[in-house]
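Subject: Structure handover and notes

Hello,

Please find the structure below, with my notes after it. Could you read them with the model open?

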Amino acid sequence: MQTPALTPQQNRPAAPRSREGMVTAAYVLEHNMKRLIILAIVVGALLLLYGIRGVFEGILGMISQAPTLLVTLLFYAFAFIAQFGALMWFLSRPRTYTVTPESPQIGLSFENYRGQPDLLEHAKSLVRILRGVRKFQDAGGEMPKGMLLAGPPGTGKTFLAGVVAAEAGLPFIYVDASSLTSMWFGMDALIVISLFSKARKLARKYAGPDSPGACIMFLDELDSIGLSRGGVQGGQQQGMMGPMGMMGGRGFALNTMLNQMDSLGQHVEDRWSRKALRWLGFIRGPVPPKPVVFVIGATNRPDVLDPALVRPGRLDRRLNVYEPDGDGRRDIIQFYLRQKAHEVGIPVDLMVADSIGWTPIEIKTVINEALIVAHDNGREQLSYKDWLSARDARVLGIKQPIMSMSAHDKRTIAYHEAGHAIASHYLNQDDRIQKASIIRMGDAYGVVMPTPKVERHQVHAQEIENDIMVSLGSRAVEELILGTKTANASSDLRNATNRALAYVGSWGMGSTLVAFPPSAAGAPPQVLALADRLLEQLYEETKRLIREKEYAVHAVAGALIQRGELIGPELDEIFDAADVSNPAAATPFVRRPVVLPRLSDLTREREPGPEVVPVPVAASGDPTPQPPSASG
């Protein structure tokens, strides 16, 4: 039978261990010598004044009165706490949720996070470090202190933090950062101190061997307490006197958090038991490494955060969470489709193209809404049309057809939307039209929804010119075919005007490279003049397009009047049939280039010259003033 191997402490000789104990005892005696002398003097004085019997009788009397005194003290303490402490705690308690490794509640894994493989790799790297990789520590690496997740709403910041917490197998504290603000002056600082103390206790409790331990603290909507302290707009309220005492703000929560995350407090004791032992001299030397409280902050506004909060050593690891690209959306769509009943041949490629710029939560919500549409229609599987219906309901609003609309109004709206569809189809070859409809949805009586076939990360001048012409297509059809102008084109004209102003005044795509900053007072007169020239030229080109493709206008408008709504494949069939029926006019449309005057020429045109006013002369040669004419 083999005997178990002895540890280094067990192999240590008895003499050195006893010598170490004697050294410690000698140090404790020397460290507390003054205190012992003072205690001896006090005891001697008491014995001298009251005698041994008197001292013992006093001690026995104090012991006999201790229960009554204790009850009295507890009563007053409870009354004080009930009056102030309980009220302050109830009104200032933060909204937190704690999850421990022994009680896992977050049923997530890396497999659940889809569409952002690069972010997932960063999350896996972080999990490996937080678990305490021996190779990383042996190389001299230090545990990071925090990470900032920044991005638009719905991109999955909170979801990513939950995945990290579930995979790390560490204690996890979720904190609603807005709940750290308190109505009591200074309570926000106490709340932050209490949270970090709780996190360190949990980290020590679940720490592995030879590891200080770690705990993850996730602060959602971090900007609610992390606003910059500089400037008028970023200045934070410190507090004020209220009718019930000191009323607090949020000025101390940020300062306290900065101190808790990185300060000299990391190198001193924070546990009262260890402080007492150090005071008595039983523990000495440097403080061992403290547990890591890894702070993950999530915000939609990283630009307003205080610089001290995002500096190196605090929330220095920043991950920007963007909307997923085409491959990411495909992965997300396929992931959620596997969880829903859907048609086998559903066109995933079209769904990927339809969802350009969408966040993961938008994709998930629309797929679920599509299943609801299918269920309402008595079907058990969602189809692509259900996807389009759910998307339209989310983007535009639910369908509310106007049953009593006159034939004249219906025809006008159909030709209005046909103008947009023709301009988009023949100008933007890299785009496709998702849907054209004359059924009221939300505030729109009709809609044409073009979308790029693939993502675009750059915007070119010709694309902007084509977009302006698509907006002007409705007015061109109204004038050329219907012989009228309607107020329904007002939003189209505003959109065209805004893009024209940006074209010549902000993006430097016109005849000048001068870029004017956006101003609430409006654009400079020269920019307005250039934008007007641009709109004039593009409108003439739009009318030329409508004249050449008038056959397609009638075909699309007629189909809209008959069906009310056309999806992309149906529109493609109509365009193909119209082009086949009119081979002479079905040639590609070639645009004329845009030519704008120089800004200096417009300036000279606006400079006032000497005005010559003819003055009538009487027969005698004396100038006689004359009244102004009616046209003047």
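The notes go from the overall picture to single residues and their contacts.

This is a predicted model, in which local features need pLDDT of at least 70 and side-chain atom pairs count only at pLDDT 80 or more, while totals for chains, interfaces and linings use all residues. Residues are numbered from 1 along each chain as its sequence is written, and side-chain values use heavy atoms, with hydrogens and water left out.

Overall

The protein has 20 helices and 11 strands; helices (H or I, at least four residues) and strands (E, at least two) are DSSP runs, numbered from the N terminus. Of its 632 residues, 38% count as buried. Buried here means under 20% relative accessible area, exposed means over 50%, and partly exposed is in between (1.4 Å probe, protein chains only). Among contacts (heavy atoms within 4.5 Å) with a separation of 6 or more, 75% are between residues 24 or more positions apart.

Nonpolar cores

A nonpolar core is a set of buried Ala, Val, Leu, Ile, Met, Phe, Trp, Tyr and Cys residues joined through side-chain atoms within 4.5 Å. The largest one has 51 residues, and those with the most contacts inside it include Ile-422, Leu-534 and Phe-575. Elements that each supply at least two residues of this core include strand S9, helix H14 (407-427), helix H17 (525-548) and helix H19 (568-581). Leaving out residues up to four places away in sequence, Leu-534 touches Ile-468, Ala-500, Tyr-503, Val-504, Val-594 and Leu-596.

Another core, of 30 residues, lies apart from the largest one, and Val-127 is among its members. Val-127 is in helix H4 (residues 117-130) and is buried, with a relative accessible area of 2%. With the same exclusion of residues up to four places away, Val-127 touches Phe-110, Val-164, Glu-167 and Ala-168.

All 7 of the 7 residues of strand S9 (residues 431-437) are buried, so the strand is largely enclosed by the rest of the structure. Two strands pair if DSSP finds at least two bridges between them. S9 runs antiparallel to strand S10 (residues 447-452), with 6 bridges joining them, and Asp-431 stands opposite Pro-452. S9 also pairs with strand S11 (residues 565-567) in the antiparallel sense, over 3 bridges. There, Ile-567 is the bridge partner of Lys-435.

How accessible is Lys-435? Its relative accessibility is 1%, so Lys-435 counts as buried. Lys-435 forms a salt bridge with Asp-392, the closest N and O atoms being 2.1 Å apart. A salt bridge is a side-chain nitrogen of Lys or Arg within 4 Å of a carboxyl oxygen of Asp or Glu. Lys-435 lies in strand S9 and Asp-392 in helix H13, so the pair ties together parts that are 43 residues apart in sequence. Asp-392 is buried as well as Lys-435. Arg-391, Asp-392, Lys-399, Lys-435 and Glu-565 are linked in a network of salt bridges.

Other salt bridges

The count comes to 22 salt bridges. Lys-385 pairs with Glu-570, the closest N and O atoms being 4.0 Å apart. This pair links distant parts of the chain, with Lys-385 in helix H13 (residues 384-395), Glu-570 in helix H19, and 185 residues from one to the other. Glu-479 forms a salt bridge with Lys-485, at 3.7 Å between the closest N and O atoms. Glu-479 is partly exposed at 28% relative accessibility, whereas Lys-485 is exposed at 56%.

One backbone note

Most residues other than glycine have a negative phi. Glu-221 is not a glycine but has a positive phi of about 55°. Glu-221 is in the loop between strand S4 (214-220) and strand S5 (239-242), and is partly exposed at 35% relative accessibility.

Regards
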